[in-house]
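Here is a short briefing on side-chain contacts. It covers charged pairs, then aromatic rings.

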Amino acid sequence: MPSSSAEEAVGALEELGLTEYEARCFVALTRISKGTAREISQVADVPRSRVYDTVERLDRKGLVEVQQTDPREYRAVPVDTACRRIREDYDSRINAAENALQQVEEPNAPDDEGMWSITQKEHVTDRVVTFLEEADETVHYLVAATSVVDREIREALRSAAERGVTVYVEVPTEDVQAEYAGAIPNAEIVVAADLESTNHVYDEWPGQLLLVDQEAIVAAGVKEGDLPDVVQEMAVWTYGRDHGFAVWIRELLDDRIGHLEGTLRSEDPRGQ
């Protein structure tokens, strides 16, 4: 009976594209210096009648070597060699899939039209970063929950500002303002006190809101997860100047900029 570590290795190899019998025979051969079909069958717990064709497939994949004795004996190639060949095969499959998908992809399809939802935090971050990387003119970014702003987002904001995009960031406190000013020196970072006192709705509350070039929008909310100190994030996003959601968000955020700038001027003792 294979050990638990051997079973774990079998499972990992199956996930990388080997069949169960291929994975079991290869793992068996890594546990012995070399072996006949009968010995492989015993160690791998694979029917002997299936060992022959399985080992032949492994031989074609460059994972085992065959010694022409009577009976034949087999041995696995070194683990690092096997992993390199499996990786190369896996990468070639991904490239083939990518090429095939690009061939069937509808050209110039309006794939960003409509409203789309995201339910995992890392995917929300990916969408925010993608829009920031595509920004040409303006970025307006509101942060209500700083826990959702990953390093990748801060770096994308910094990169956008450095290439000449006007980056306007609203944060809830002066401490956060100081932190972001250091991380994104070419952006305008302002304190919007209302972001510190957002109201929750059905155990959820605002997380972050992004408007890029007046047309790309990500609106995200957060809620406490089941695990300690784990925050769940979900979002909706859209792209396009004519989408109703985009029109409203654009109007509301433009009003915020005007209001905040007016407040800052009134608080300036010089009246400037």
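A salt bridge here is a side-chain nitrogen of Lys or Arg within 4 Å of a carboxyl oxygen of Asp or Glu. This is a predicted model: local features need pLDDT of at least 70, side-chain atom pairs count only at pLDDT 80 or more, and totals for chains, interfaces and linings use all residues. Residues are numbered from 1 along each chain as its sequence is written, and side-chain values use heavy atoms, with hydrogens and water left out.

**Salt bridges**

- The count comes to 16 salt bridges.
- Glu22, Arg50, Asp53, Arg57 and Lys61 are linked in a network of them.
- Arg75 and Glu65 also form a salt bridge, at 2.8 Å from N to O. Arg75 lies in strand β2 (residues 73–76) and Glu65 in strand β1 (residues 64–67), so the pair ties together parts 10 residues apart in sequence. Helices (H or I, at least four residues) and strands (E, at least two) are DSSP runs, numbered from the N terminus.
- Arg75 is partly exposed at 46% relative accessible area, and Glu65 is partly exposed at 35%. Buried means under 20%, exposed over 50%, and partly exposed in between (1.4 Å probe, protein chains only).
- Helix α5 (residues 79–104) holds both Glu88 and Arg84, four residues apart, about one turn of the helix. Their closest N and O atoms are 3.8 Å apart. Glu88 is partly exposed at 47%; Arg84 is partly exposed at 39%.
- Helix α7 (residues 151–162) holds both Arg158 and Glu162, four residues apart, about one turn of the helix. Their salt bridge spans 3.1 Å, N to O. Arg158 is partly exposed at 33%, and Glu162 is partly exposed at 49%.

**Aromatic rings**

- Rings of Phe, Tyr and Trp (its six-membered ring) pair if their centres lie within 6.5 Å; planes under 30 degrees apart count as stacked, over 60 as edge-to-face and the rest as tilted.
- The count is three aromatic pairs. One of them, Trp116 with Trp237, is stacked: 6.2 Å centre to centre, with 20° between the planes.
- Trp116 lies in strand β3 (residues 115–118) and Trp237 in strand β9 (residues 231–239), so this pair ties together parts 121 residues apart in sequence.
- Trp116 is partly exposed at 40% relative accessibility. Trp237 is buried at 8%.
- Trp116, Phe131, Trp237 and Tyr239 form one aromatic cluster.

**Charge over rings**

- A charge sits over a ring if NZ of Lys or CZ of Arg is within 6 Å of the ring centre and within 35 degrees of the ring normal.
- The charged end of Arg127 sits over the ring of Trp237, 3.8 Å from its centre.
- The charged end of Arg127 also sits over the ring of Phe131, 4.9 Å from its centre.
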